[in-house]
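Student: Could we go through this structure together? I would like to begin with the ligand and then turn to individual residues.

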Amino acid sequence: MENKSVFEMILSGDLKSDIIYEDNQIFAIHDINPIAKIHILIIPKKKIATINDLSIDDIDLIGSMFLCAKDLAKKFGIDQSGYRLLFNTNDDAMQTVFHIHLHLIGGEKLKNI
Ligand code: AMP
């Protein structure tokens, strides 16, 4: 059987992390190595390795992840000051966890990309 991703281990309770949002499709946690004052990961419970592996069946899931990001931005008080949402895909983008996750980054002035 394929190894569990770090996010599946968090979801199953094998690895400790505070889950700050959860519904039937997705959950969210604080990034363990934040690059800004607010750095949250929005993660589908279904393991999809990279954005390249998305299918038409995942449209609703991806939409839910963005709606969750918007709600968390408001909850953490950065909806008006601003934030960045991103998915890293494969080596050049330095993806390290092969279970897709949406980064929500803000709480301070971010460097230009
Ligand atoms: P990426 O480079 O886009 O694959 O991002 C993976 C992210 O997962 C990185 O920002 C890591 O800091 C984060 N991460 C890895 N392990 C954990 C963990 N146990 N809890 C929270 N965040 C984690």
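This is a predicted model: local features need pLDDT of at least 70, side-chain atom pairs count only at pLDDT 80 or more; totals for chains, interfaces and linings use all residues.

Student: How many residues surround the ligand, and which are the closest?

Tutor: The ligand is surrounded by 17 residues. Asp31, Asn88, Thr96, His101 and His103 are the closest.

Student: What does Asp31 have facing an oxygen atom of the ligand?

Tutor: Asp31 places a polar side-chain atom 2.5 Å from an oxygen atom of the ligand. With Ile32 the backbone takes part: one of its polar backbone atoms is 3.1 Å from a nitrogen atom of the ligand.

Student: How much of the ligand's accessible area does the protein cover?

Tutor: On its own the ligand has 500 Å² of accessible area, and the protein covers 84% of that. The space that the ligand takes is the largest pocket.

Student: Which elements give two or more residues to the shell around the ligand?

Tutor: Those elements are helix H1 (6-12) and strand S2 (26-30). H1 supplies the largest share, three residues.

Student: And how do the shell residues divide into nonpolar, polar and charged?

Tutor: The shell holds nine nonpolar residues, seven polar ones and one charged.

Student: Changing topic: where does Gln95 lie?

Tutor: Gln95 is in the loop between strand S4 (83-86) and strand S5 (102-106).

Student: Is Gln95 buried or exposed, and why?

Tutor: Gln95 has a relative accessible area of 6%, so it counts as buried, the cut-off being under 20%. Its side chain reaches the backbone oxygen of Ala49 at 3.0 Å.

Student: What about Ala36, buried or exposed?

Tutor: Ala36 is buried because its relative accessibility is 8%. This residue lies in the loop between S2 and strand S3 (38-44).

Student: How far is Ala36 from Ile105?

Tutor: Along the chain, Ala36 and Ile105 are 69 residues apart, while 6.3 Å separates their C-alpha atoms.

Student: How far apart are Asp71 and Ser5, in sequence and in space?

Tutor: The two residues, Asp71 and Ser5, are 66 residues apart in sequence, and from C-alpha to C-alpha they are 25 Å apart in space.

Conventions: Residues are numbered from 1 along each chain as its sequence is written. Side-chain values use heavy atoms; hydrogens and water are left out. A residue is near a molecule or strand if one of its heavy atoms lies within 4 Å of it. A polar contact is a pair of N or O atoms within 3.5 Å; within protein, one must be able to donate a hydrogen and the other to accept it, and residues adjacent in sequence count only if both atoms are side-chain atoms. Accessible areas come from the Shrake-Rupley method with a 1.4 Å probe; for residues, only the protein chains shown count as cover. On a 1 Å grid over the protein atoms alone, a cavity is a set of points where a 1.4 Å probe fits but cannot get out, and a pocket is an open set with protein on both sides within 12 Å along at least five of seven lines; lining residues have an atom within 4 Å of a point. A molecule sits in a cavity or pocket if more than half of its atoms lie within 2 Å of its grid points. Helices (H or I, at least four residues) and strands (E, at least two) are DSSP runs, numbered from the N terminus. Ala, Val, Leu, Ile, Met, Phe, Trp, Tyr, Cys and Pro count as nonpolar, Asp, Glu, Lys and Arg as charged, and the others, Gly among them, as polar. Buried means under 20% relative accessible area, exposed over 50%, partly exposed in between (1.4 Å probe, protein chains only).
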